[in-house]
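Biologist: Could you walk me through how to read a few features of a model like this one? I would like the general idea first, and then the case at hand.

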Amino acid sequence: VVNCIILGRAEAFASKNSVFDSALDGLGMGLGYTVSIILMSAIRQIIATGILSFDNPFDAAQNIFSIRIIPEDFAISMFSQPFGAFCTFACLAAGLAAYKSHQQNKAKKLEKE
């Protein structure tokens, strides 16, 4: 489903814009999606295990760094399950919506003044 959303949006943008603008849009969308997936993964890993770590993707035995952020007793293992991904996404989406609403309210107040 995610692939269809990304490709459908890219096709809709590319059909109405130039090649250069479409290439920049595709690059921006790809980088944005990558950042959002990394952010969600980091949040889930910290909440589920209490540790932020990075392993070599080609050799899982090679740990590049590992930092304990939350004590082991306070980790919520549910976040390592698929439901944890939905909870993380919901919280990030709610946070983004609240931020956008706050910015819109701030802009409306400035317009009134």
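Biologist: Let's begin with phenylalanine 54: in which strand does it have its place?

Modeller: Phenylalanine 54 sits in strand S1, which covers residues 51–56. Keep in mind that this is a predicted model.

Biologist: Is phenylalanine 54 buried, partly exposed or exposed?

Modeller: The idea is to look at relative accessible area: under 20% is buried, over 50% is exposed, and partly exposed is in between. Phenylalanine 54 has 41% relative accessibility, so it counts as partly exposed.

Biologist: Which residues form a nonpolar patch on the surface with Phe54?

Modeller: For a patch, nonpolar side chains are joined within 5 Å. Here Phe54 is grouped with Ile64, Phe65, Ile67 and Ile69, and together they have about 460 Å² of accessible area. Strand S2, residues 59–68, gives the most to this patch, with three residues.

Biologist: Now to charges. How many salt bridges does the count come to?

Modeller: The test is a side-chain nitrogen of Lys or Arg within 4 Å of a carboxyl oxygen of Asp or Glu. By that rule there is one salt bridge. Aspartate 25 forms it with arginine 9, and their closest N and O atoms are 2.5 Å apart. Because aspartate 25 is in helix H2 and arginine 9 in helix H1, the pair ties together parts 16 residues apart in sequence.

Biologist: And how do the two partners compare with the accessibility classes?

Modeller: Aspartate 25 counts as buried because its relative accessibility is 15%. Arginine 9, at 33%, counts as partly exposed.

Biologist: Next, the largest pocket: how much space lies in it?

Modeller: The largest pocket holds about 550 Å³ of space. Its lining has 17 residues, and those nearest the centre are Gly32, Tyr33, Ser36, Met40 and Phe89.

Biologist: How does the lining divide into nonpolar, polar and charged residues?

Modeller: There are 12 nonpolar residues, four polar and one charged.

Note on methods: Residues are numbered from 1 along each chain as its sequence is written. This is a predicted model: local features need pLDDT of at least 70, side-chain atom pairs count only at pLDDT 80 or more; totals for chains, interfaces and linings use all residues. Side-chain values use heavy atoms; hydrogens and water are left out. Patches are made of residues with over 30% relative accessible area and no salt bridge: like charges are joined within 9 Å, nonpolar side chains (Val, Leu, Ile, Met, Phe, Trp, Tyr) within 5 Å. Accessible areas come from the Shrake-Rupley method with a 1.4 Å probe; for residues, only the protein chains shown count as cover. Helices (H or I, at least four residues) and strands (E, at least two) are DSSP runs, numbered from the N terminus. Buried means under 20% relative accessible area, exposed over 50%, partly exposed in between (1.4 Å probe, protein chains only). On a 1 Å grid over the protein atoms alone, a cavity is a set of points where a 1.4 Å probe fits but cannot get out, and a pocket is an open set with protein on both sides within 12 Å along at least five of seven lines; lining residues have an atom within 4 Å of a point. Grid points are joined across faces, edges and corners, and a volume is the space filled by probe spheres set on the points. Ala, Val, Leu, Ile, Met, Phe, Trp, Tyr, Cys and Pro count as nonpolar, Asp, Glu, Lys and Arg as charged, and the others, Gly among them, as polar.
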